[in-house]
Amino acid sequence: MHYALDENYFRGYEWWLMKEAKKRNPNITLMGLPWSFPGWLGHGFNWPYKNLQLTAYYVITWIVGAKHYHDLDIDYIGIWNERSFNINYIKVLRQMLDYQGLQRVKIIASDNLWEPISASMLLDSELLKAIDVIGAHYPGTYTVKDAKMTKKKLWSSEDFSTFNNDVGAGCWGRILNQNYINGNMTSTIAWNLVASYYEQLPYGRSGLMTAQEPWSGHYVVESPIWVSAHTTQFTQPGWYYLKTVGHLEKGGSYVALTDGLGNLTIIIETMSHTHSKCIRPLLPYFNVSHQFATFVLKGSFSKIPELQVWYTKLGKSSERFLFKQLDSLWLLDSNGSFTLELQEDELVTLTTLTSGSKGSYPLPPKSQPFPPIYKDDFNVDYPFFSEAPNFADQTGVFEYFMNTKDPGEHRFTLRQVLNQRPITWAADASNTISVIGDYKWSNMRITCDVYIENPENGGVFIAGRVNKGGIWIRSARGIFFWIFANGTYRVTGDLAGWIIYALGKAEVTAQEWYTLTLTINGHFSSGMLNGKPLWTNVLVNFPKNGWAAIGTHSFEFAQFDNFHVEAHPDMHRAP
């Protein structure tokens, strides 16, 4: 819903992703959490709680649309990612969900810290009733007294976000166990699932696996995937933790879960301090050393004859194993007792389930850099996704567009479609920008047809050597070539437009197509308008490299077509 009354349930990739997840595991839990909101909800303010009913309506239409258009049941809905909650909004959301017959959709709050939401719930019985789960982000495996006193489910509703090498895997293995042991958290959600974005953006490779080269098809099933499997292959939503969980004598921890039907899964981790640091919070020092640990199965579990054993060892490649099945553990004559020898940085799962499988996947294509010559004319009649491949929108939304006013060359274009600044989560830029290419590019030539739709104060740009994105996009540097509807051009060294290299008059106006060309070679840059030089030999000393980009001066409609970038160590040759 980019605009009021604009209901579209086919934008983006999340619908496809949820359906693919459901195919693989029909019991998977689906959650929604707004990170930002469309600007029209704020009525001129960067605040989603201006009209509580309108914001709740926006969220509920998304939930209803998920079911109507994709047969997806959203199980949980959040409030606002890592930002302020509003007590009255939470109550209104619950009331409106119930009115729509969505009693099954549970509310999680507040996806930030344990406080002040926990204390607020204890002081307000209606709020306490409205919220089903208290979700905290990066809790460091600990909760607070107020949260426990609510008697609600406690979740680490965002965690991990750590570089996905073996240290990241160690972080993930440790917190999956200790979030429950130390903090009574029965769910831990990793941000993010798959690192499918340019690695030099913030939190590069902070996914459970990596697939950041759509142009080559290369991907890596990283070690955090196999750490996840130690828990997720041998439990399901609905299983519950046993009370007999805790820390091992010489470091590490163990948990046990059951389905209540006789099945048992025990997960043991011995992650060392050095090899299990998460990106946040600071991890106090602890020691883990070689040990023997004895476990005794009692009650109905004492009759279990055999446990399947799955093993991971992180660290040196000569000793490293990822999710390897070992010989079963036989318990027939042991009275339910067994002893394990444990070293540092190990994961062991013992389970009655025999369904575990490491599976297999074809050898991924070889890793390749982004093509040094890249073109896109956006001529896609019925796009599978709304966004063009390889472009990474940092602010604004760039979508495939059918231009009915131009049945000729520019019938199919890429259009920036936000005409109002969103209610932001991070400090987004005041401009819109989408980056593309190889961050290592230095010398490049970018050509793109551009169309300013706003005749009052519209403006567009192409850019090279863009050095920042994500939460740092406001301070992005690079070489930005702008043209404006008022008949001027500008060359700046930053997205914000504070560093001006050149400016002047240009024969441009709104609602006409123009071809911009930006050439960057060494310390110099030049620009052409419709194939004719507009400015030349502008000195640029910083940055040395970065992405190519397109964008607009404000949140405004504008179109782009026939994008072409050529990166080359030597750009002296003629265009």
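Is the crossing of helices H2 and H3 left-handed or right-handed? In this predicted model, the crossing of H2 and H3 is right-handed. Contact on the H2 side is made by Leu52, Gln53, Thr55, Ala56, Tyr57, Val59, Ile60 and Ile63, and on the H3 side by Asn88, Tyr89, Val92, Leu93, Met96 and Leu97. Sorted by class, the residues of this contact comprise 11 nonpolar, 3 polar and no charged ones.

Two packed helices are described by the angle between their axes and the distance between the axes. For H2 (residues 52–70) and H3 (residues 87–99), the angle is about 45 degrees and the axes are 9 Å apart. The two helices are therefore oblique to each other.

In soluble globular proteins, nonpolar side chains tend to be buried together. The largest nonpolar core of the model holds 62 residues, of which Ile433, Ile483, Leu495, Ile550 and Phe563 touch the most other members. Strand E26 (residues 477–484) gives the most to this core, contributing 6 residues. Beyond its neighbours within four places in sequence, Ile483 contacts Val450, Ile452, Gly459, Val460, Thr488, Tyr489, Val508, Tyr514 and Leu516. A second, separate core consists of 43 residues, including Ile60, Ile74, Leu102 and Ile107. Ile60 also belongs to the H2 side of the contact with H3.

A charged residue, Arg205, is found in the loop between strand E7 (194–195) and strand E8 (209–213). Arg205 counts as buried because its relative accessibility is 18%, and the cut-off for buried is under 20%. Apart from residues up to four places away in sequence, Arg205 touches Thr162, Phe163, Asn164, Asn165, Ala195, Tyr197, Glu199, Thr210, Gln212 and Glu222.

Notes
Residues numbered from 1 in each chain as written. Predicted model: local features only at pLDDT ≥ 70, side-chain atom pairs only at ≥ 80, totals over all residues. Heavy atoms only, no water. Helix = DSSP H or I, 4+ residues; strand = E, 2+ residues; numbered from the N terminus. Buried < 20%, exposed > 50% of the residue type's maximum accessible area, 1.4 Å probe, protein only. Contact = heavy atoms within 4.5 Å. Axes fitted to C-alpha atoms, helices over the stretch in contact; angles between N-to-C directions. Parallel < 35°, antiparallel > 145°, perpendicular 65-115°, else oblique. Left-handed = near helix turned anticlockwise from the far one by under 90°. Core = buried A, V, L, I, M, F, W, Y, C linked by side-chain atoms within 4.5 Å.
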